[in-house]
Amino acid sequence: MRLPRPGFRTGLFLLLLALGGGLALLDLRDAPLPGPVPGDEAGEPDYYLEDARLTRFDARGHPHQRLDTPRLTHTPHDDVTRLERPRGRLLDDSGRVWLASGDRGTLGAGGNPLTLSGDARLLAPAERWQLDTEVLHFDADSGHAWSDTPALLRQPPQRMRGERFDAWIHDNRARLTDNVRGHHPPDTREDPES
């Protein structure tokens, strides 16, 4: 007995089915697999997120702190959130933007304070100054940023170093203390009235 030859429509259907299956396999192969569940001395996390954006709101319901991170991990026993390569956007009471970043970060219990470590940076674009230090702390409730590690404060063409740094972003005030050294080149612009 001889089987009937498949028709054009049947052949086209089988070809599309094979093509769809091949594309599905390629799509599955390119999908990134989630990383391993982190575990460290802080204990087993209760959750972790990848490519996360956290937004903190003030008492009036306005956003005043945003953090972007490729990965965050929360451990329940200490209520600490650990961040990889966090990038922060902080708003003061006047609506000015402050940018903060570091190699690693932690949010304390209840989401405050934020601690950035490893090439930590605080940038005030409106004032054109930048602070670089190893560990930077920020209390979102009071708007106080500080570092107990040596810090370099730059506002071109000036730069200053100190052992401790404090800034109050709501008051637009900063202070370097302990063994402060600076470079302040003279103003070389000509006086227009001369």
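Mentor: Two residues are in contact when heavy atoms lie within 4.5 Å. Please keep in mind that this is a predicted model.

Trainee: Which residues does leucine 122 touch, not counting residues up to four places away in sequence?

Mentor: With those close sequence positions set aside, leucine 122 touches Leu90, Trp98, Leu99, Ala100, Trp129, Gln130, Leu131, Leu136, Ala145 and Phe165.

Trainee: Which residues of the largest nonpolar core touch the most other members?

Mentor: A nonpolar core is built from buried residues such as Leu, Trp and Phe, joined through side-chain atoms within 4.5 Å. In this model the largest one has 25 residues, and Leu122, Trp129, Leu131 and Phe165 touch the most other members. Two or more residues each are given to this core by strands E2 (63-75), E5 (97-101), E7 (114-124), E8, E10 and E12 (164-168). The largest share, five residues, comes from E7.

Trainee: How many aromatic pairs are there?

Mentor: Rings count as a pair if their centres lie within 6.5 Å, and planes over 60 degrees apart make the pair edge-to-face. The count here comes to two aromatic pairs. One joins tryptophan 98 and tryptophan 129, edge-to-face, with 5.4 Å centre to centre and 70 degrees between the planes. Because tryptophan 98 belongs to strand E5 and tryptophan 129 to strand E8, this pair ties together parts that are 31 residues apart in sequence.

Trainee: Are tryptophan 98 and tryptophan 129 buried or exposed?

Mentor: Both are buried. Tryptophan 129 also pairs with phenylalanine 165: the ring centres are 6.1 Å apart and the planes stand at 65 degrees, so this pair is edge-to-face. Since phenylalanine 165 lies in strand E12 and tryptophan 129 in strand E8, the parts tied together are 36 residues apart in sequence. Phenylalanine 165 is buried, as is tryptophan 129.

Trainee: Which residue lies over the face of tryptophan 168?

Mentor: That residue is arginine 173, at 4.2 Å from the ring centre.

Trainee: How many bridges join strand E8 to strand E10?

Mentor: Four bridges join E8 (residues 129-139) to E10 (residues 151-155), and the two strands run antiparallel. Threonine 133 stands opposite alanine 151 in E10. E10 also pairs with strand E11 (residues 158-162) in the antiparallel sense, over five bridges. Glutamine 155 has glutamine 158 in E11 as its bridge partner.

Trainee: What joins E10 to E11?

Mentor: A hairpin joins them through two residues.

Methods. Residues numbered from 1 in each chain as written. Predicted model: local features only at pLDDT ≥ 70, side-chain atom pairs only at ≥ 80, totals over all residues. Heavy atoms only, no water. Pairing = 2+ DSSP bridges. Buried < 20%, exposed > 50% of the residue type's maximum accessible area, 1.4 Å probe, protein only. Phe/Tyr/Trp six-rings, centres within 6.5 Å; stacked < 30°, edge-to-face > 60°. Lys NZ or Arg CZ within 6 Å of the ring centre and 35° of its normal.
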